[in-house]
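Colleague: I would like to learn how to read the features of a model like this one. Please take me through them in turn.

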Amino acid sequence: MLFRSDPKVTVSGGPLASLAVGASDSTTFTASYTITQADIDDGSVTNQATATGTAPNGDEVDDLSDDDSVLENEETVTELPQAASIAIVKAGTFQDENGDGNADVGETISYSFTVTNTGNVTLTNVTVSDPKVTVSGGPIVSLAVGASDSTTFTASYTITQDDIDAGSVANQATATGTAPN
């Protein structure tokens, strides 16, 4: 009798009633593993199966799996593609502090920043920088895949006469995060 076990999955198929000397079987036993976010963040899944059989004299024999050799017992490592990505949306709101409907020197623009993890790995130490203003808040310790944060980062800009003469204030912010790798 021959059977297989694997600590990460439930192995289906078998047992084999017998396996002749020198024979191999690659169709009886199968398993499927559901990838977790932790696996993707790690960049791979590592595991090892055990094959066990009974010799004619009743002795039990076993072997740990290897990914490419019947003579070795190295764990199988399945690489998982990682794609770190982050997006930022910056919104500016003119603050008409004196309520006259016009921009005046010394009034402000309030900025809010929404950062989104658009990749497939968890990001850490997420920060926002902006060459025109000092950004308050953060860093975000951890930003999960698909998650957005619109409350951590803010900034304020004081309007100048040059800004009023230009009719607008333009600039960009940058979001940065660290991928697990």
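This is a predicted model: local features need pLDDT of at least 70, side-chain atom pairs count only at pLDDT 80 or more; totals for chains, interfaces and linings use all residues.

Colleague: What does the secondary structure of the chain come to?

Modeller: There are two helices and twelve strands. Along the sequence the pattern reads β-α-β-β-β-β-β-β-β-β-β-β-α-β.

Colleague: How does the radius of gyration of the chain relate to the globule rule?

Modeller: The rule gives 16 Å for 181 residues, and the chain has a radius of gyration of 29 Å, well over that value, so the chain is more spread out than a compact globule. The C-alpha trace spans about 100 × 25 × 20 Å along its principal axes. Of the 181 residues, 27% count as buried.

Colleague: Among contacts between residues at least 6 apart in sequence, what percentage join residues at least 24 apart?

Modeller: The figure for this chain is 58%.

Colleague: Next, the sheet. In what order do the strands of the open three-stranded sheet come, and is the pairing parallel or antiparallel?

Modeller: Strands of a sheet pair through backbone hydrogen bonds, in either a parallel or an antiparallel way. Here the order is S9-S8-S12 and the pairing is antiparallel. S9 and S12 (174–178) are the edge strands, each pairing on one side only. On average, neighbouring strands in this sheet are turned by 40° against each other, ignoring direction.

Colleague: How many bridges join S8 to S9?

Modeller: Three bridges join these antiparallel strands.

Colleague: Which backbone angle stands out at Asn-125?

Modeller: Its phi is near 50°, which is a positive value in a residue other than glycine. Asn-125 sits in strand S8 and is partly exposed, at 42% relative accessible area.

Colleague: Where are cis peptide bonds found?

Modeller: One joins Gly-14 and Pro-15, with omega about 0°. Pro-15 is in the loop that runs between strand S1 (2–5) and helix H1 (37–42). Another joins Gly-138 and Pro-139, again with omega about 0°. Pro-139 belongs to the loop between S8 and S9.

Colleague: How many salt bridges does a search of the whole structure find?

Modeller: The search finds one. Lys-90 pairs with Asp-130, and their closest N and O atoms are 2.5 Å apart.

Colleague: Is each partner buried or exposed, or in between?

Modeller: Asp-130 is buried, with a relative accessible area of 9%. Lys-90 is partly exposed, at 23%.

Colleague: Finally, which side chain makes a polar contact with that of Thr-116?

Modeller: The side chain of Ser-148 does, at 2.6 Å. Thr-116 lies in strand S7 (residues 108–117). Its contacts beyond four places in sequence include Ser-85, Ile-86 and Ala-87, as well as Leu-143, Gly-146 and Ala-147.

Definitions and conventions:
Residues are numbered from 1 along each chain as its sequence is written. Side-chain values use heavy atoms; hydrogens and water are left out. Helices (H or I, at least four residues) and strands (E, at least two) are DSSP runs, numbered from the N terminus. A polar contact is a pair of N or O atoms within 3.5 Å; within protein, one must be able to donate a hydrogen and the other to accept it, and residues adjacent in sequence count only if both atoms are side-chain atoms. Contact means heavy atoms within 4.5 Å. A salt bridge is a side-chain nitrogen of Lys or Arg within 4 Å of a carboxyl oxygen of Asp or Glu. Buried means under 20% relative accessible area, exposed over 50%, partly exposed in between (1.4 Å probe, protein chains only). Two strands pair if DSSP finds at least two bridges between them. Axes are lines fitted to C-alpha atoms, for helices over the stretch in contact, and angles run from 0 to 180 degrees between N-to-C directions. The radius of gyration is taken over C-alpha atoms; the globule rule is 2.2 Å times the number of residues to the power 0.38.
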